[in-house]
Amino acid sequence: MSKNIPTTIPRDQHCISREQIDTDTLKVLNRLHRHGYKAYLVGGSVRDLLLNRQPKDFDIGTDATPNQIRKLFRNSFLVGRRFRLAHIRFAGNKIIEVATFRRHPHDNELPEDPDDHFHFVQNVFGSPAEDATRRDFTINALFYNIADFSVIDYLGGMEDLQNKRLRVIGDPQVRFVEDPVRMLRAIEFSARLDFTIEADIYTAIADHKKLLATAAPARVREEIMELFRHKISGAVLKQCRELGMLPHLLAGYPGTDESIELLAKIDQRTAAGIPIEESFAIAALYLRLFMDSCTQSDSINISAAMLQANEIIIPHCRYFSIASGIRHQARELLIGCFRLARGRGFRAEKRFLQHPLTPKALELFTIWSQVRPDLIDLAENWANAIKTAESDTKRPHHPRKRRRKRSSR
Ligand code: ATP
Ligand code: MG
């Protein structure tokens, strides 16, 4: 549990140097400090710097209230309805987030409606010790103090980092019930950092995994996309399957071996530097299920495939409130893969070859062929056909017009 007196690791005993910290973030930290406020780097950035990894973003924690932050920085504004958080704007639309230290509210302070708890919990100001304790894992609760460049450790996160061990702050049985998304985050961080998971985490997941289905869909959606962005969707969803979490996390996703293998290939594509779009991720998740549902029927045609795609994609998009543009694109990718899988020579092939989404569908299909070698030749054949179609459309004269002239002669 939290100690009010933390372990302080002085500058010469840890590896974080100011040179690794973004310069605008340093400006904000220094300005808060010069005005007498506590100014800490918090959360994932401290963890990543200590692990010699590049942080995704640098978040700041302070004892200044949102209004005090607002007054101190001309370029700042407060965001959120009830979420009192300061955003400080820098050149190039860059935003640095500054949050006042918060604490977990006492039971008698919580709103009556449990649905409001998550937001409420985020908005009660507290001490640095309390702010550390409300976080999820010990390694996510380290602070870097700009006043003396030390690392402040209230919960033993440094030792856990050294031992590559993921430990929940407090009792996982309580913390997972309080916020079920933490179960997914546990698997996510262990995969990202290659950390072992404490036994009590597995027990609590086994006991409370069903609660994942009660978590706010928007938060689950965001964490799932984080899996894709961090190139760990295959590894994490595989573990979720083994731990029995999948049906509560993604009700329609069966998580077969082949589909998990496909996700691992998609992760390799992201690792190669291709940004992952949500429509592509959704199509990848459901591709195998969709193709299976299509081949079950003997006389499947395009309109039947469209119905199948809808049946699979719509429930996912409805549950996670996914915009129709993304839904439409995911569905088109699936139907594109269906057309590719059934082979060459069907009606309207020319139009299909020139359709703007066809290259993306072929990209997905080609990745699929990496786990289904029987499809490799077909994928190559289509790739050549698309290339030819592209060079045809680039020709200066429209071939159709010419043909019409000739026939009229
Ligand atoms: P990333 O590199 O993905 O940004 P991160 O650790 O910064 O990793 P975020 O999701 O950005 O993760 O959250 C920032 C910090 O907020 C975390 O490090 C953690 O301290 C805290 N936090 C996030 N989600 C939760 C949660 N569900 N419960 C408790 N604390 C959380
Ligand atoms: Mg972060």
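In this predicted model, a nitrogen atom of ligand 1 is placed 3.4 Å from an N or O atom in the side chain of Arg219. Of the 580 Å² of accessible area that ligand 1 has on its own, the protein covers 83%.

**Polar contacts of ligand 1**
- An N or O atom in the side chain of Asp179 is 2.7 Å from a nitrogen atom of ligand 1.
- An oxygen atom of ligand 1 lies 2.8 Å from a polar side-chain atom of Arg192.

**Composition of the shell**
- The elements giving two or more residues to the shell around ligand 1 are α2 (44–50), α8 (181–193) and α10 (217–229).
- Helix α8 provides the largest share, four residues.
- Ligand 1 is surrounded by 17 residues, of which the closest are Arg47, Asp179, Arg182, Arg185 and Arg192.
- By class, the shell holds 12 charged, four polar and one nonpolar residues.

**Strand β8 and its partners**
- Strand β8 (residues 150–153) is covered on both faces, with Ser150 and Ile152 buried on one side and Val151 and Asp153 buried on the other.
- Strand β1 (residues 7–9) pairs with β8 in the antiparallel sense over three bridges, and Thr7 stands opposite Asp153.
- Strand β7 (residues 142–145) also pairs with β8 in the antiparallel sense, over four bridges, and Asn145 stands opposite Ser150.
- The hairpin of β7 and β8 has four residues between the strands, and in this hairpin Phe149 takes a positive phi near 65°.

Definitions and conventions: Residues numbered from 1 in each chain as written. Chains lettered and ligands numbered in written order. Predicted model: local features only at pLDDT ≥ 70, side-chain atom pairs only at ≥ 80, totals over all residues. Heavy atoms only, no water. Near = heavy atom within 4 Å. Polar contact = N/O pair within 3.5 Å; in protein donor to acceptor, adjacent residues only side chain to side chain. Areas by Shrake-Rupley, 256 points an atom, 1.4 Å probe, with all protein chains shown as cover. Nonpolar A, V, L, I, M, F, W, Y, C, P; charged D, E, K, R; others polar. Buried < 20%, exposed > 50% of the residue type's maximum accessible area, 1.4 Å probe, protein only. Pairing = 2+ DSSP bridges.
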